[in-house]
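Subject: Structure handover and notes

Hello,

Here is the structure we talked about. Please open it beside this message and follow along.

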Amino acid sequence: MDRTDEHKALRASIRAFVDREINPYVSEWEDREEFPTALFKKAGDAGFLGITKPVEYGGSGLDYSYNAVWAEELGHIHAGGIASALGVQTDMATPALARHGSDALRRQFLAPAIAGDMVASLGVSEVGAGSDVSSIRTTARKDGGDYVINGGKMWTTNGNRADFICLLANTSDENGPHKNKSLIIVPMDTTGIDRSTKLRKLGFWSSDTAQVFFDDVRVPQSYRIGEEGMGFIYQMQQFTEERLFGASRTVVQMQELLDDTAEYLRERIAFGKPLLDNQWINYTLADLATEIACLRSLVHSCVDGYVRGEDVRLRTAQAKLKAGKLVRL
């Protein structure tokens with residue numbers, strides 16, 4: 001995505017940040033099953049948490065091609081959980097707030113998230129509603145000028161340390177399932193929130209992942225993002241950036257793994273010659289390299305289309321699907 005000298009300079013800055021502030025400590029953080037929350041502040045101070053966000057709230061106001069550089073460079077982190085946690089902050093929990101939130105809401109939550117002074121999380125998936133977002137059951141009932149929230153969220157990245165959650169909840173019994181939901185910013189220190197359940201995972205150990213429960217949690221209706229009933233639409237828009245982030249990062253991860261594998265095969269001697277000299281192994285690596293190149297082309301096409309204002313929802317979903325399948329090979 002290095003279209004300009006500015007893209008190249010940003011890439012170099014992010015790579016230096018990863019090499020200096022993250023990769024030397026990855027093994028320690030994975031063993032501890034957490035990384036320091038101060039990393040968000042360091043990333044914010046470096047200007048990386050608001051690359052596409054409005055200037056008036058502390059962002060850089062750049063188009064998404066610059067954020068794709070951020071996602072790609074996070075692919076060089078030697079622990080996927082850290083990259084995911086940072087990606088939630090930039091591409092999953094804040095795009096709708098930046099695009100549709102009121103000025104007051106953005107000053108209260110978006111500005112400190114961009115600065116790294118607040119950590120964000122996203123509350124969409126539930127025990128009975130993962131990919132089927134329309135089936136969520138969490139409710140936000142109006143009571144005076146407040147919403148009273150009941151329900152729960154699952155697989156919440158940053159959930160144990162987050163200062164706020166961008167929560168999708170049913171705000172009406174009518175017009176469901178696509179026009180009865182709203183996105184609401186909920187401070188995570190609000191009475192009635194239980195996030196004591198930290199989930200253990202097969203990987204991504206250093207990224208905290210929580211199950212969150214809401215029991216009569218009361219927040220002002222002014223904490224709603226945009227229009228009531230538009231939450232499902234806003235979240236679908238937000239998913240576009242989440243998918244672009246995930247696919248962009250995964251392409252780089254796979255390329256790095258392939259390069260490392262080829263280097264090992266070049267050095268590993270078996271039966272009197274490097275394993276890389278085996279024709280079948282070369283064919284296999286060539287197939288994988290071609291698959292990665294095709295996915296990279298699709299991802300870059302999605303990013304370019306998104307920057308031009310095109311509807312790339314289908315293609316970004318395809319890119320995420322392909323990345324998820326290819327990374328398992």
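Predicted model: local features only at pLDDT ≥ 70, side-chain atom pairs only at ≥ 80, totals over all residues.

Residues are numbered from 1 along each chain as its sequence is written, and side-chain values use heavy atoms, with hydrogens and water left out.

The core

A nonpolar core is a set of buried Ala, Val, Leu, Ile, Met, Phe, Trp, Tyr and Cys residues joined through side-chain atoms within 4.5 Å. Buried means under 20% relative accessible area, exposed means over 50%, and partly exposed is in between (1.4 Å probe, protein chains only). The largest nonpolar core here has 91 residues, and those with the most contacts inside it are Ile 22, Trp 70, Ile 82, Ile 149 and Val 186. Helix α8 (residues 231-267) gives the most to this core, with 11 residues. Helices (H or I, at least four residues) and strands (E, at least two) are DSSP runs, numbered from the N terminus.

What does Trp 70 touch, leaving aside its neighbours within four places in sequence? Trp 70 is in contact with Ile 14, Phe 48, Leu 49, Ile 51, Leu 86, Thr 90, Asp 91 and Phe 245. Contact means heavy atoms within 4.5 Å.

Helix packing

Two packed helices are described by the angle between their axes and the distance between the axes. The axes are lines fitted to C-alpha atoms, for helices over the stretch in contact, and angles run from 0 to 180 degrees between N-to-C directions.

Helix α9 (residues 279-307) packs with helix α10 (residues 313-326) at an angle of about 155°, and their axes are 10 Å apart. That makes α9 roughly antiparallel to α10 (angles under 35 degrees count as roughly parallel, over 145 as roughly antiparallel, 65 to 115 as roughly perpendicular and the rest as oblique). On the α9 side, the residues in the contact include Ile 292, Leu 295 and Leu 298; on the α10 side, they include Arg 315, Ala 319 and Leu 326. By class, this contact of α9 with α10 has 8 nonpolar, 4 polar and 3 charged residues. Ala, Val, Leu, Ile, Met, Phe, Trp, Tyr, Cys and Pro count as nonpolar, Asp, Glu, Lys and Arg as charged, and the others, Gly among them, as polar.

Helix α9 also meets helix α4 (residues 64-74): their axes come within 9 Å and cross at roughly 150°. Tyr 64, Ser 65, Ala 68 and Glu 72 of α4 make this contact with His 300, Val 303, Tyr 306 and Val 307 of α9. The residues of the contact of α4 with α9 divide into 5 nonpolar, 2 polar and 1 charged.

Lys 153 is in strand β3. Is Lys 153 buried or exposed? Lys 153 counts as buried because its relative accessibility is 1%. Leaving aside neighbours within four places in sequence, its contacts include Val 124, Glu 126, Leu 167 and Phe 214. Lys 153 and Val 124 are 29 residues apart along the chain, and their C-alpha atoms are separated by 6.5 Å.

Trp 155 is also found in strand β3 (residues 146-157). Trp 155 has a positive phi of about 55° although it is not a glycine, and it is partly exposed, with a relative accessible area of 47%.

Thr 139 is in strand β2 (residues 139-143) and counts as partly exposed at 34% relative accessibility. Leaving aside neighbours within four places in sequence, Thr 139 is in contact with Val 148, Ile 149, Asn 150, Ala 169 and Asn 170.

The loop between β4 (164-170) and β5 (181-187) holds Lys 179. Lys 179 counts as exposed, at 62% relative accessibility. Pro 177 is in the loop between β4 and β5, and a cis peptide bond with omega of about 0° joins Gly 176 and Pro 177.

Phe 204 lies in the loop between β6 (193-198) and β7 (209-220). Its phi is near 55°, a positive value in a residue other than glycine. Not counting residues up to four places away in sequence, Ser 84 touches Thr 157, Phe 204 and Arg 249. Ser 84 lies in helix α5 (residues 80-92) and counts as buried at 11% relative accessibility.

Regards
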